[in-house]
Amino acid sequence: MKITVKYFAFFKEKTGVNQEYIEMCNGKTITELLKIIIEKYNLQDKENIILSLNQEYVKGDVPLHDGDEVALMVPSSGG
Amino acid sequence: MIKIQKENFSIDEELKKIKNDKCGASVIFLGTVKSEMNGKKVMKLELDAYVEMAEKKLHEIEIDAKKKYSIVESSIIHRYGELCVGDSIVLIIVKSIDRTKSFEAAKYILERLKEEAPLFKKEYMEDKVFWHGGI
């Protein structure tokens with residue numbers, strides 16, 4: 001399955017990319033995707049990573065499906 | 001009305017767009033880039049935005065606020081990109097028949113926007129540069 005991964009704020013700078021596609025085997029989860037990303041870009045601390053799946057915030061592990069859109073963000077600070 | 005945009009906005013123009021003579025109470029919140037933070041000078045601000053998700057979240061917030069506070073008309077605009085001290089960041093306009101509800105609704109929208117809308121500030125201070133909530 002093909003997952004679209006978007007990076008914002010700190011993570012856009014750290015990875016040097018706005019968006020990429022990551023191929024994974026069917027049945028994998030968002031935690032497994034995050035592990036791949038952390039290793040690929042040598043991210044140090046996953047505690048501050050805010051994740052969204054298809055434009056909804058995600059807490060905990062959830063299964064991924066072909067075509068899903070995942071984003072890595074820092075906590076919101078608008079306003 | 002929800003807008004996430006780089007361009008500046010005019011409060012007068014935005015007020016005209018949601019003109020409704022049934023509403024006697026219009027509350028306007030304008031957030032701007034402040035010149036100091038924790039006693040240190042702010043040189044500029046950079047805002048990153050997950051535009052599609054921010055629009056979606058603000059739309060949900062607007063719908064909830066309309067139900068909760070009987071708002072008749074509202075407008076929420078948030079800017080992104082590079083902003084200087086004094087520049088406008090966010091505009092919230094709430095119009096309703098009741099002034100108390102208009103004030104409460106504007107506060108409700110702002111607080112939820114700060115918590116839920118994926119908008120991210122990078123502060124360029126006189127002594128350091130950092131993303132809010134960054135690692």
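Predicted model: local features only at pLDDT ≥ 70, side-chain atom pairs only at ≥ 80, totals over all residues.

Trainee: Why is B:Thr100 called exposed?

Mentor: A residue is exposed if 12 or fewer other C-beta atoms, placed from the backbone, lie within 10 Å of its own, buried if 20 or more do, and partly exposed in between. B:Thr100 has 11 other C-beta atoms within 10 Å, so it is exposed. Its place is in helix H3 (residues 99-116) of chain B, where helices (H or I, at least four residues) and strands (E, at least two) are DSSP runs numbered from the N terminus.

Trainee: What makes the span of helix H2 (residues 51-69) of chain B close to the expected one?

Mentor: The expected span is 1.5 Å times one less than the number of residues. This helix has 19 residues and reaches 26 Å from its first C-alpha to its last, close to the expected 27 Å. Its buried residues include B:Met53, B:Ala54 and B:Glu62, and B:Ser70, which follows the helix, has a positive phi near 55°.

Trainee: Why is H2(B) called roughly antiparallel to H3(B)?

Mentor: The two helices pack at an angle of about 155°, with their axes 10 Å apart; axes are lines fitted to C-alpha atoms over the stretch in contact, and angles run from 0 to 180 degrees between N-to-C directions. Angles over 145 degrees count as roughly antiparallel, under 35 as roughly parallel, 65 to 115 as roughly perpendicular and the rest as oblique. H2(B) is therefore roughly antiparallel to H3(B).

Trainee: Which residue classes make up the contact of H2(B) with H3(B)?

Mentor: The contact has 8 nonpolar, no polar and 6 charged residues, among them B:Leu58 and B:Lys68 of H2(B) and B:Tyr108 and B:Arg112 of H3(B). Asp, Glu, Lys and Arg count as charged, Ala, Val, Leu, Ile, Met, Phe, Trp, Tyr, Cys and Pro as nonpolar, and the others, Gly among them, as polar.

Trainee: How many residues does each chain bring to the contact between chains A and B?

Mentor: Residues are in contact if their C-beta atoms, placed from the backbone, lie within 7 Å, and this contact takes 18 residues from chain A and 24 residues from chain B. The side of chain A divides into 7 nonpolar, 8 polar and 3 charged residues.

How values were computed:
Residues numbered from 1 in each chain as written. Chains lettered and ligands numbered in written order. Contact = placed C-beta atoms within 7 Å.
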